[in-house]
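I opened the notebook to look at two interfaces, one inside a chain and one between chains. The entries follow the order in which I looked things up.

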Amino acid sequence: MNKDKFITGNINPNRRFRKIIGGCVYILFLLSTCVGIIGLGLLIFDVLKEGIPWINWQFLTDFPSRDPKEAGLLSALFGTIWLMFLTALFTVPIGVGAAIYLEEYAPKNLLTRVIEINVSNLAGVPSIVYGLLGMGIFVYRFGSDEMFLDRVLIAGALTLSLLVLPIVILASRESIRAVPDSYRQGAYAMGADKWQVIKGAVLPSAFSGILTGTILAMSRAIGEAAPVIAITALVYITYIPAHPFERFTVLPIQIFNWVARPQDDFRSLAAAGIIVLLVILLTMNAIAVFLRNKYQTRSEE
Amino acid sequence: MADSTVISVKGLNVYYEDFQAVKDVDMEIKRESVTALIGPSGCGKSTYLRCLNRMNDLIMGASIQGEVLFENRNIYDSNVDATEIRSRIGMVFQKPNPFPKSIYQNIAFGLKVNGFSGDMEEAVEKSLKQAALWDEVKDRLNDSAFTLSGGQQQRLCIARALAVEPEVILMDEPASALDPIATLAIEDLVRELKTDYTIVIVTHNMQQAARVSDETAFFMVGEDRSGYLVEQDDTQKIFTNPTHQRTEEYITGRFS
Ligand SMILES: Nc1ncnc2c1ncn2[C@@H]1O[C@H](COP(=O)(O)OP(=O)(O)OP(=O)(O)O)[C@@H](O)[C@H]1O
Ligand SMILES: [Mg+2]
């Protein structure tokens, strides 16, 4: 070896080999993406093929029945709407309030750090755990055999609120943190106090982010089956709940119920139910995306 | 303290955590005049300015020693409400920072915050006229403030500060983000406003200081990186015959 030379050996760019590697990597990543898309495509295709023939006005406006030809999901549809409404009612004020406190008021110390980490961890707790917790504290009186709220809408909504609160808090904190400090200073410089600054300058510009986060959290809530099963115990409901203290069922449970039946027709009903649920979920997500885009372009000008 | 003094600063020290950013400043600010603060970057002009209406309260780790007397009352006394001080000593920032609201709402915000009752539209119009912006925006008051040009946005921020009828307006390099024409518009405005308001303006532009101010205060940064006041005098005197050699060197551009 020639020690005088700074670089020993020859440079071999090997471009052909690199080109092949590059091509392979590209195909690999493309395929990875396709797994997701193809999986979703197959699922939707299968569900649509099975369920579309069963979707009609009667399906949407009838109560469940032992006869698949007469069965509908009206009670589940209204149960879902009720549940979503009540859950939003609980989570928005509490979630946004907690986010405002953590971002704007809380001193940055160890305790707040611990709370912050806990909130993030809570977002990852399996939903069935919330279901059992909700059953223990809302349905029964703190683990006793005594009924507290019973298996009613409000108990379900409170349980789902626990489930999605961390999501709402995290999303709201993100959007509050994204508000430029110059807005706050501008407001303070005019003699606004803390709450006036938050109300007048911070919340209006964090609003769209909070709204999108909330919508996404709600769509998570209404897609959940496990915690609601723990709360409702799969009762057979053939009425529209008139107030929050009535028993209820929701779309995922109705679907679960139909899937569990032996008759093929019920499976098709389940597919039809899944389509309805998917339409609701996709609509909510679309609204969230729309709102985000709409407000983003406006505030970036 | 002479009658003509609005703000009188006595032995002011400002710290960020352990770091002393401003050292031992004494200053008298005269009523209905323009005082310019000049000095090299990092000498604590913005820090000092923020002390005059307690905006430093909002910065974590910032603390002060000494007194800032506003109409003979120390604004750092424990019984003084910082929001009251800020509504009487307004501030305009280096970068225009209108709220993401309409032009109208930007002005109305400060009025609402301070519990204004009366003809809001008239008050908004008056503020915009004072800031020489009315003619440009009178047909589009409900447009977003972000649709205005940079110079217009800055005049909107000045109008916004004027709306709450402060006695003093602090301006931190209000024209540094603007082109020469917009800068001249702001300077004209400052000169006009001094008939009714007391203005303290930070600027890096010597000509600007000479053009708009009655008094000039020159800050320097010491060996220990703390800023201090070198001298304060009539602008005329500072620019023609300063007491300290450092001042002359800075003004003539022999160091920056
Ligand atoms: N929030 C802060 N925390 C810690 N140190 C700070 C903070 N703000 C400013 N400083 C420091 O205080 C000193 C003075 O800063 P200041 O912004 O007041 O200078 P300035 O004279 O306004 O400079 P410029 O002309 O560049 O705006 C600098 O050394 C700066 O690093
Ligand atoms: Mg500065």
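How much area is buried between domain 1 of chain A and domain 2 of chain A, and what percentage of it do carbon and sulfur atoms give? I am working from a predicted model. I read off about 730 Å² for the two domains, with 80% of that area from carbon and sulfur atoms.

Entry on the residues behind that area.

Entry on the domain bounds. I took the bounds from the domain assignment of chain A, which puts domain 1 at 2-54 and domain 2 at 57-300.

Entry on contacts between the domains. I find six residues of domain 1 of chain A in contact with eleven residues of domain 2 of chain A. For polar contact I get one residue pair, with both residues at pLDDT 80 or more. By class, the side of domain 1 that touches domain 2 has four nonpolar residues, one polar and one charged. I also checked for salt bridges across this domain interface and the rule finds zero.

Entry on the chain interface. How many residues of chain A are in contact with chain B? I list 20 residues of chain A, in contact with 23 residues of chain B. The area buried between the two chains is about 1,700 Å², and carbon and sulfur atoms give 70% of it. On the chain A side, Y183(A), A189(A) and M190(A) supply 35% of the buried area, more than any other three residues.

Entry on polar terms between the chains. I looked for salt bridges between chain A and chain B, and the rule finds zero. I do find four residue pairs in polar contact between the chains, both residues of each pair being at pLDDT 80 or more.

Entry on the elements involved. Which helices of chain A each supply at least two residues of the side that touches chain B? I noted α7 (181-188), α8 (194-223) and α11 (264-299). Of the contributions to this side, α7(A) gives the most, with six residues.

Key: Residues are numbered from 1 along each chain as its sequence is written. Chains are lettered from A and ligands numbered from 1 in the order in which they are written. This is a predicted model: local features need pLDDT of at least 70, side-chain atom pairs count only at pLDDT 80 or more; totals for chains, interfaces and linings use all residues. Side-chain values use heavy atoms; hydrogens and water are left out. Domain bounds come from an automatic or database domain assignment. Contact means heavy atoms within 4.5 Å. Buried area is the accessible area (1.4 Å probe) that two parts lose on being put together, summed over both. A salt bridge is a side-chain nitrogen of Lys or Arg within 4 Å of a carboxyl oxygen of Asp or Glu. A polar contact is a pair of N or O atoms within 3.5 Å; within protein, one must be able to donate a hydrogen and the other to accept it, and residues adjacent in sequence count only if both atoms are side-chain atoms. Ala, Val, Leu, Ile, Met, Phe, Trp, Tyr, Cys and Pro count as nonpolar, Asp, Glu, Lys and Arg as charged, and the others, Gly among them, as polar. Helices (H or I, at least four residues) and strands (E, at least two) are DSSP runs, numbered from the N terminus.
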